[in-house]
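Hi everyone, thanks for making time. Let me put the model up on the screen, and then we can walk through it together.

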Amino acid sequence: MHRFGYFLTLIVILLVNLPGTVGAKTRLVDFNERDAEFLMLQEINIIRYNEGLPLVAIDDTLSVSCRRHAMDMAVRDYFDHYSPEGYSPGDRAKNLGIANPVSENIGITRTFGREDTGYIVDLLMDGFLNSPEHRINILDPNVTHVGLGYWQDLDDSNKRLASGRDPDTNYLGFGTVLVVQEFIRREVELIEPSPYEGWTKPGEFMTVTFDFTDEVDDAFLRVTPVAFPRESYEIPLSKSEKCYQARFAIEEEGEFVIGIYANSRNADWYYRERGQLELTVAPYLY
């Protein structure tokens, strides 16, 4: 069952006549949607790291779905996981060729004339993390990737949120920012899994071979010990005909996450995680 959550940031303030507050004006906010997505990804991974969970990578295709839904909610003035036509997050993902189940969070807040993108991202993330339904999606240990999409609606007549005033600046609540988070688990299929079966013995060599669906120029594996995530190291993937292959062994025992990275042949995107595997290294299978 998909878990959907949303929240409204409603600010209700008792107005009194204080010096400098009467007649305060609204102003345009220079809010950068792509910067906000990057900052939100960092915040998601910080909270996951602090909870001992594997980090998530950005999914470009899923982010397109998120941006389109955020824009659609702004343009057509609604706030819901389902479009007016009844399309769900899963339907939107399928339209982009993604068949995996998707869990979604949606958030909305006023800009209050603030130019600080980080402040608005923090405001939205605080709302997500203080909501049990949203927090479950963000801290799902099974997801590997996230799509993120922001949209700034500059219509100050927007009725989705009460205007009010920002307690710090006394600006009227001008404009609205919407964000969509979609979480997904991406599976990676090994072409030649032998002798890889999810576990191996210390020092035993493994050979793994991958076939990327898109053109890549370079690729590598990042091996991360679960108990010591900051002690990760990289293993280059060598190209063999149309496939990429690595032969390696892990000397120490423990649980490991193996991330699969590649960069674009056309340099239109740089090293990006394409999936991950889980590996147990032990003298015998538990």
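This is a predicted model: local features need pLDDT of at least 70, side-chain atom pairs count only at pLDDT 80 or more; totals for chains, interfaces and linings use all residues.

**Confidence and a few elements**

pLDDT is the predictor's confidence in each residue, from 0 to 100, and helices (H or I, at least four residues) and strands (E, at least two) are DSSP runs, numbered from the N terminus. The pLDDT is below 50 over residues 8-28, a stretch with 34 contacts (heavy atoms within 4.5 Å) beyond near neighbours in sequence. The protein averages a pLDDT of 76, with 71% of the residues scoring at least 70.

Some housekeeping: residues are numbered from 1 along each chain as its sequence is written. Local features need pLDDT of at least 70, side-chain atom pairs count only at pLDDT 80 or more, totals for chains, interfaces and linings use all residues, and side-chain values use heavy atoms, leaving out hydrogens and water.

β8 pairs with strand β9 (residues 233-236) in the antiparallel sense over four bridges; pairing takes at least two DSSP bridges. V223 stands opposite Y233 in β9.

Over in strand β7 (residues 206-210) we find T209, which counts as buried at 3% relative accessibility. The T209 side chain makes a polar contact with the side chain of Q245 (3.1 Å). By polar contact I mean a pair of N or O atoms within 3.5 Å; within protein, one must be able to donate a hydrogen and the other to accept it, and residues adjacent in sequence count only if both atoms are side-chain atoms.

Note on methods. Buried means under 20% relative accessible area, exposed over 50%, partly exposed in between (1.4 Å probe, protein chains only).
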